[in-house]
Amino acid sequence: MQDHGKRPLIFPKWVDSLRPVVFGVASIVPVYALVLLYYGGSPRTTDVGYMPAQPVPYSHTVHAGDLGIDCRYCHTTVEDTAHAAVPPTQTCMNCHTGIHPESPQLVPVRESFSTGLPVRWVRVHDLPDYVYFDHSAHVSRGVGCVECHDRVDKMDTVVQAQPLSMGWCLDCHRNPDPHLRPLDEVTNMVWEPPGDRAELGARLRERYGIAPSEDCSTCHR
Amino acid sequence: MSVVGTTAPSADPWDNTSDDPTRRAPLVLGAADYASVTEKVAELAERRRPPRAWYIAFGVSLALTGLLGAMILYLFTTGVGVWGLNSPVGWAFDIINFVFWVGIGHAGTLISAILFLFRQSWRTGINRFAEAMTIFAVICAGLFPAIHVGRVWLIYWVFPLPNQMQVWPNFRSPLLWDVFAVSTYFTVSLLFWYMGMIPDLATLRDRATSRVRQRVYGLFAMGWRGSNRHWQNYERVYLILAALATPLVLSVHSVVSFDFAVSMVPGWHTTIFPPYFVAGAIFCGFAMVLLLAVPARQWFGLEALITLRHLENMNKIMLATGMIIGYAYFIEFFIAWYGGNVYEHFAFVNRALGPYAWSYWIMVTCNVIAPQLFWSKRIRTSPWVAWGICVFINVGMWFERFVIIVTSLSRDYLPGSWGAYKPTWVELCTLLGSFGLFFTLFLLFVRFVPMVAMAEVKAVLPQADAHASPNEPERRATGTLAVEKA
Amino acid sequence: MMDPSPVAASTERRALWGVLAEFDTPAALARAAREVRDLGYTRWDCYSPFPVHGLDRAMGLADTRLPWVVLGAGITGAAAAIGMQGWMNAVDYPLIISGKPMFSLPASIPIAFEMTVLFSAIAAFLAMFAFNRLPQLYHPTFQSERFRRVTNDRFFLAVEAADPRFDAQGTETLLRRLGSAHVEWLED
Amino acid sequence: MSSLDPTTDSGRPRSFWRSLDERADTPEFRQFVEREFPAWADEMLEPASRRRFLQLMGASMALAGMTACRWPAEPIVPFAHRPAGFVPGEPLHYATALELAGAAVGLLVTSYDGRPIKVEGNPDHAYGLGGTLAWHQAALLDLYDPDRSQHVAQREAGPASWDDFVAFARPHFDALRAVRGSRLAVLADASSSPSRADMRARFTAAFPDARWYEYEPLSRDNAREGARLAFGRPQRTHVALDRAETILSLDEDFLLHHPAAVRYARDFVLGRDPDGATFSRLWVVETSPSLTGSVADRRIAIPNRAIQAFATCVLAKLVHEAGADLPAALDGLGPVLDAARRHPMYGRVDADLVLDLAGKAGRTVVLAGPRLPAETHALVHALNATLGNVGRTVTYTAEPDPDRPSHAQAIRDLARDMGRNFVDTLVLVGGNPVYDAPADLGFGDLLARVKTSIRLGAYEDETSRVCTWHVPRAHIFESWGDARDFGGTVCLIQPLIEPLHGGRTDLDLLAQLLGEAPFAAYEIVRRTFARGAAEPDPRAWHEALRVGVVAGTAWPEAGPTIGTAGWSKRLRAALDAPAYPEPGSYELVFGPDASVIDGRFANNGWLQELADPLTKLTWDNAVIVAPATAAEMGVRHGDVVRVTRSGTSVELPVFVLPGQAPRTVGATLGYGRTRAGRVGSGAGFDVYPLRVGDDTAWADVRVEPTGRTYRLATTQDHFAIDTLGAQERAERAVTLVREVELEAWRHDPQHAMPGEHAVAPVELWKPHEYPDERWGMAIDLNACTGCGACVVACQAENNIPIVGKAEVARGREMHWIRIDRYFAGAPDAPEIVHQPVTCHHCENAPCEQVCPVGATVHDAEGLNVMVYNRCIGTRYCNNNCPYKVRRFNWFNNQKHQSDLEVMIYNPDVTVRSRGVMEKCTFCLQRIQSVRIQARNEQVRGENGRAAGRLIRDGEIVPACAQACPTRAIDFGDLNDPESRVHRKHASPRAYRMLAEFNVRPRTAYLARVRNRGGHPEGAA
């Protein structure tokens, strides 16, 4: 009989038992990468919670919360212009000439007041330069401060609470009702809707003639 | 297939180009049996050192690829302004090269798919590296649309990916169609190529002596063992892929032509574009295959597998498509005149007589006049002459895209905004570099992968017929894959 | 070397997988296949360097159902493409573009076509492996030295021990009778 | 993932973040970024997806360092004490004025958080009426020019301070005062400022023996002298172009180079309303094609020297053939007119012209340009008198400062004194005599020899270089001052910003020299305003500041009596002079440049890149040659030629332009500066060296080729066009730029329009509705003079970058609005048309469908919006735009800008990054601000806080429309049947360019109306 030489195996038998594992990994990895990209990359992950240190330990909790000072006392221009102007030092000193005149925390403020040099605050809600947001357009349509800035009256240091991403803006522009309130409640931090918010929102939308636009030109120029 | 030239069978044993319908010319020459085919092909991928020519060619190609990289780096860091573009000429070398390479990329799938469906068994000699060529050409092609955009780091916006902006691509844009067409074409070609290669990889695996080669080829062969139950599914899928790839080939270049046809630029807005582009693609695709085949068969001694008949058939196809192109050039002018649209009319007159007339006449000479030489069988069957003509054809086809894009853009509607275009050295180097990339990939391919489909060639050997018996000569030289009809 | 006896194989060796017979020509293989088929064997297979014409019939293989998978994938691709374009451009974020309709079929055809082809092709490719149980890096036949040539110039027929009508000696003699010069036994 | 989210775990990671934040902002880090990703460096600032990507990478601690790569933390810097009525982020407008060519135009300057960012015309100013020219718009750029001199300098000691200067000046001038200011001289630029006049009076009082000279390279002194000849006393001529039926302009470019150009352009167009009662016919007799010549109905091109003879012949023909009777006062002209009969020009005077002038007492106007000699001006006064225009279409006011010597004389006298070493101290207020004084004076060398020379100048230029002291001059928008307009009305000049580099005004300097300092410009202006009173009446003062003009300060109309004494003989003599230069030589005509005028704007990038209205040339000047003349010289477009005048020669490139008179060539001044700054130095060619002696208007020169060629950067016809293209261009021009004949129009407006009546195209689908507003634009080609003010206004408003000559030559200019210029008719007597082209905001915009990422789409009001931050830069949209109005950022055009330069940006408009497409937005930012304002009021109206309202017509004005001196551009809501733009779209003259492609453009053109009359020579 002729020889039936045996041939060394290239791959041992057990290799084939690895197939399920390999297939599993191969199918999961790309999915995982996509998910990682989407969530890891979204402003919800990267921007929310941005809380830079400010030159003055100004506490909204104290002023807006405990003392209940209306937003517009300091951010005077919010109803008429695009910008909700940060108040001049003057505004601080209106009260703080009398209250805590000696407080060491207020040193930068007093300096600014005397020297006339501004206090350099750090912008927290910082939109890209190609985005044009107009406060007056929203505030005078019954969109409350809380909707974007959250409970500032509970913030010792202001923190970005919302992603302020394009998608997030669109969500509201597509369905404004649950974000509307009567004009005189706009700056009210603790306002609770009487009854169903959406239904109230619908009525307010009628009343204020609100038709939010999804046009690019609304925010980008 | 048109039958032209002398029908007298030549005495030369290496000449299988006889057109005598009563005799079936063999597709594999020399005293070929299975083992010799395997030996001939596999040996190329196994030999220690490839011929010196390979090293020189590879060195040059690699250098050019480096040049390409440098140009792209410069482009990315500085801006599209490093090219000679302007308003009105917003596209030039970038899109010219794209269309050029996509065109090249058509012969491969065409040879493997369409000829397969038409049972042209002579494809077996050339389909493997025609397909390889396709893939490498599409890689080069895909490069250009990607780098031509102004903000390349945002190129992924052309894909419909969910994003925090909640915006989507604009599916009305021909450029987006391109994205889908080209990526689909690349994927399918790759699958087709790889699948066709599995049995041959198995061959290399079984012949391999070193452990590494065994393992590597073994992995890629995926445990192929020539089981007939496998062959059954394999052949069916191969048929299906061919059937899918055939319309795909036509669609891809049609879509590419939509980039122009769908626009309203005079000279672009033409209904004739899709068929005309497809014909052009096949034309220059085959030219490129021949460009590669002639040297390859000589350096690697593959005359027995890539025979004169293969070359001649390709030349015939080039002759035919070349005439389709010529017809298209003519009919464009006719329609421009007959259609009575003043802007279109000027666009074409301007092509032939305007500032870029030189490019137009280069195009006509290379694409319409040069292929006419293929009427002569002598030229069809002399490899290096044909090779020279193919060089012309590729040059001509590149200039065809130049003419279409640059002359049309430089003078559109408002004379006040007419312009001119002149390429910068960056563009020239980038074009050169893309050839470098192409040949680098191709040289690696011929070095490590069986460049002829062994299994398929064996199948067209006379002795491959299971019902082989001396008294049925008609069925000689035919295999399961091939039933050649005259 | 001595021809291994089946008894020995069953005891001191691993289980017998089957017998592997080598043929020189496709014709011989086809002939053998017809015989084996007619004898009613079920768990057996032919091996060849290239697809041998008519061997499917010779082996009596049923037609494959693979194309239906591809058809399904193709339809899915087309539907997905149309759906995606319609939803993204006309439903989720409609934008006025060139004054055209938000969704119109003609403009959606190219992408629909491409995705049909893409889905079908990928499905066909994967189905080929699935139906063939590939990749399978180990197979008993790989133990045979001669089997190397199955990817070169030799033709094989293997009958598995698992076949109900399998009988080591009988099958071997059968295969030898059918013209195989080399028959060997392979363990699992 | 959660590790990415700082909200999940507070405390430690946050401090960790902060530290990284700090690291991310260190200069080293930024340098690292610049070095590592030069391409992305700008992306760091222009927040693209980059930061998101890095944040994600933060998932791996290796790259955690980069997770702090937030775009640079932006500080908020509120006022310490916010001025009353100041609202951060809200633009304010201040009235001021800019003086050019000795007369002011009132302006309103927009200031944004204290930064002037935009200039508009002051609607309350009679000589501006809200319109401007390119120079007024561009003056703003000079304010932020980093090349402006930033400190006092002394020639030996180098940089010095104002105090150093004061320390030197006080004793120096006290000493001079002691010697009554002998050997002291002042050379000042022309100024109409009352305060300057007052200071000058005080100066001459304090230094009786001092000499005060005034010099401008381009002055209208010939007109002064002409009036002196005719009336015995300099008079200023005012014309009412809106009331004229025939206008004969003798080499007068009243649409561009005239102190009252803005107003005259407006009047001229008012007088050519095709639907109005009168429609004037403009005859222009000139040598080099001018803007005015380009809109003429009939144009006659003859050498400059022949124009006087021509005018004489006109008068002669009127008297001899048309029966016009010469006023008795002009009998002295009798012999001249008889002689004129035999003059060759007599035949050239077109019969139509005589018909148009004769028998229309008080309904015609004849003007003469500043290049023409005094006699011509006197003759023109005679013509107007003969035609009975005086007091009706032509009026006179007394010229201020009648006794001053002419500018040419002044500089000559000064040079003589300096040559004789009579001047030890020379104060130069503005100007740039070393560059632009008559070349034969060798002013530079003389000045260098003066012991003490004090230069007040905005730049350390050619002149400052050779002065012992240089004092930086405050920019007009940094200055207090005043100026008179062409009619004498005083305009107040108030600063919008503190001098950026501590510059001083001329008033400040003079006050210093007079020892009045620190008493400064502000007080001086108030003192002048008070007219002797101790304090100006506060109400009047504030009103004047608000409005910008001081009411009731216009000069009274004068009724001078004309005479012929002294000049009729000269006129007669002049008739014998040849009308053409002798063979072998050509008449070179010097002219002001449409961009840099006399060189004062040489360092202004906006103006350098603004195409010349006729040649479309940027960044250069050239010698203008008619095609026939070029053939005769054997030179081609772009060839460099040597132009020689009596030994001095200048080499400059040839620009072949139809319309230049035969045997003549033209060249503009103001180029070839050597010390203008980074922008202006080396741009173009200096032709002042050829401008010697007294004849500053023209000179006979020899022109020979050098064999070299030069690359001229034009924004149109970027390359020499072959005959095939030229034919096609001519054929297309008539369909793209439509014209109607006045006769045909008057006869039947409905069918006057040439060209096919477009068939309404079939709609394949239902077009989109635009129920609210449908913004649209109308451009009246009959009103457009092609001056280019809109181009610069748009550039200023929309942060459009300057790309430089090389890029323009490549065809990469960035202007959002361009003015296409086409020639029609014979090359020797061409008709010229101007057509502003900007984005048409097509409703079926071809650009939109081809964008793969939907970066350009329509909004609900049908605006074609370009979303920069979505654009990936495929350039497909521009390829597919039939109007080619899109512009691509080939490079990062902001890369190397200093903090000073970026201050000019309009914060309401995104600054485009590299690699994105941009185009006209119809000034979207202006639309938005108005809309938001209106909607706010509307909503609040419901709460009874303000009256609800909709947007009013004319409330939104794009920058181009606002700047246009002739109101050629209208913008508004096409849905509002009352809106101006809607009415214009409805006019029978309205047509849409390339409408046949059913792109449905929102911009309509109104056909230009031709009023050639008679049988025009060389009409198309």
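In one of them C:E184 pairs with A:K6, with the closest N and O atoms 3.8 Å apart. The model is predicted, so local features need pLDDT of at least 70 and side-chain atom pairs count only at pLDDT 80 or more, whereas totals for chains, interfaces and linings use all residues. Residues are numbered from 1 along each chain as its sequence is written, chains are lettered from A in the order in which they are written, and side-chain values use heavy atoms, without hydrogens and water.

Chain A brings 19 residues to this contact and chain C brings 25 residues, contact meaning heavy atoms within 4.5 Å. About 2000 Å² is buried between the two chains, 53% of it from carbon and sulfur atoms; buried area is the accessible area (1.4 Å probe) that two parts lose on being put together, summed over both.

Within chain D, an automatic or database domain assignment places domain 4 at 580-714 and domain 5 at 723-738 + 773-1010. The C-alpha centres of these two domains of chain D lie 32 Å apart. Their contact takes 19 residues from domain 4 and 24 residues from domain 5. The buried area here is about 1900 Å², with carbon and sulfur atoms giving 68%. On the domain 4 side, D:W606, D:E609 and D:L610 lose the most area, together 37% of what that side buries. One salt bridge crosses this interface: D:D620 pairs with D:K805, their closest N and O atoms being 2.9 Å apart.

Technical notes. A salt bridge is a side-chain nitrogen of Lys or Arg within 4 Å of a carboxyl oxygen of Asp or Glu.
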